[in-house]
Amino acid sequence: MNQKRCSLRMIRYEIRNLNGNLMTHFFAFVFPNFFSLILVKAIGSDVPGEYLQQFKTEIMLSVSLVIPLSVMFLGYGALYSNEVEREIPLRMRLFGYQEKSLITAKLAAHLILMTIAVLAYGIFWTVVIGIAKPAVSSFLILLLCLYLVGAVFLVVSHALANIFRKFSITFGVEMFFYFLVMIVCGMMGVRTSQLPDALQKVAALFPMSYICNDFASFWQGGQYNFMPLIQSFLFVGAMAGILLLYALYKSRRATV
Amino acid sequence: MLLTIRNLTVDYGKQTALMIDRPISFERGERIGVIGSNGAGKSTLVKALLGLVDYKGRIETDLTPDEMAVHMQFNQYAVTMPVKVILETILNTSIKENKKLREMISFFEFEPCLKKKINALSGGQKQKLTVLMVMMQDAKLTVYDEVTSGLDFETRQKLMEKLAEWYRKKESTLLVVSHYYEELEQLADKILLLDEGKVIAYGPKEELFTTYCGSSVLILENNEKNRDLTRDFSVLHSPQHLIALSCRNEEEELKIISLFIRHNVSFKRSSSDIEIMSINAKEKYYEKKEAV
């Protein structure tokens, strides 16, 4: 029996698998667009005209983070922890699929869905709400950050599902973390600077804080010190790596 | 030699689930039946072979766990797509382009299930799906762990017949774990008898039968008339509702049979009954242990 690697067939399978989870689609396509619209309509009317564009850009940047977190973290966690609880990944491994191949196919399928969701979000903002034209570099940096956030949090989600091995616990922990991160990083309408000092320090550990609070300042060009953002990516990346290593150790197959 | 187990111990917490203290070897092409009651260590042995549990001791083989095809007691797959997609993805092939797979599907009469989702399949159909995919692996070592558990008698029989028919012409080594003696009679040529995590007996089916039962056994109903009739013969341990007589040779067997005919006694003859062999092997093992 040959080792089975990640193939197009495997990615198609994971896309079909993903399409069976309607909650992911809701959080990827419906929630960010409507949430943005509600925030712009509800709060935007109180914002003076000269600041409206800046306000809209901040909302657009903050809510854009809902997509990687919903698709790659919550959506993936819901799907994969359910599979782990039913021992489907073990069954796949017994059929010769390496852990690496499984996670690659899942990552690819989720990235495809995330790309479509980001595109839909961009179109919605351009057509329905109206968005300030970004500097090319700022736009590319935002895209890169969204994908990095998505990839890192998919790894975290994968690790948590393998550690807890129960859908209910994994999903509960992820939901708690999701809303905590959204509040602390300024994605729920409260700026990080308005939070107590301790929470501000927690927020500084996550790249989402910088995207929500600072990216609007150079959206149409300008200077920005990326070092804290890079450090936060390194921090969450390292945490995700440690969690994944621990999860792999827990679910390892001994070499005969 | 395909695989040798040496001093294998698996502990679950403080409890020892499996302790194989003598070398056990599987040769290429052998059909090994693993039998034992609940808690005997059968599934633990399979998990140790696959590296799914931590163990002490050695399992010497050139095979990696990924070179073994394994049926285990779970048949869960993604519920969001038709079985055909699952089958083609797991086997990384297309039914249309794979003649062997098409033959296998038809061999198992599985065509009507292909468009259904996994939740719409019966227990037997789910078992068939896993078995079909395991067979398609054509691995050097294939393990079936309680392949018929949860199936009704008729489906069990049919599945075992299919398995026996398929592997008749194959050279793969089979490790079949089962509760059912008749399944192993059909599939195995060697028996590994486990009890409470220990090896009670291991060897070719016929050799073990001769060691523990003689050249043949005659089995009859356990009632007063039959007990009186068989009092002077060598009675083996057997299930409570039966009497099993050991025959050392043909002459003795003929003598007993003619007695049964004269008294109009219904009986069954066997020279490979795994159940009677297992019961007597266990009795002898514990008798010996007590004596020591």
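This is a predicted model: local features need pLDDT of at least 70, side-chain atom pairs count only at pLDDT 80 or more; totals for chains, interfaces and linings use all residues.
Two residues are in contact when they have heavy atoms within 4.5 Å of each other. Residues are numbered from 1 along each chain as its sequence is written, chains are lettered from A in the order in which they are written, and side-chain values use heavy atoms, with hydrogens and water left out.

The size of an interface is often given as the accessible area lost when the parts come together. Here chain A and chain B bury about 3000 Å² between them (1.4 Å probe, summed over both), with 57% of it on carbon and sulfur atoms. As for salt bridges (a side-chain nitrogen of Lys or Arg within 4 Å of a carboxyl oxygen of Asp or Glu), the count between the two chains is zero.

Turning to the inside, the largest nonpolar core has 69 residues. Such a core is a set of buried Ala, Val, Leu, Ile, Met, Phe, Trp, Tyr and Cys residues joined through side-chain atoms within 4.5 Å, buried being under 20% relative accessible area (1.4 Å probe, protein chains only). B:Leu87, B:Phe110 and B:Tyr144 touch the most other members. Domain 1 (3-204) and domain 2 (208-291) of chain B, with bounds from an automatic or database domain assignment, both give residues to this core, so it lies between them. Leaving out residues up to four places away in sequence, B:Tyr144 touches residues including B:His71, B:Leu163 and B:Val177.

Notes:
Buried means under 20% relative accessible area, exposed over 50%, partly exposed in between (1.4 Å probe, protein chains only). Buried area is the accessible area (1.4 Å probe) that two parts lose on being put together, summed over both.
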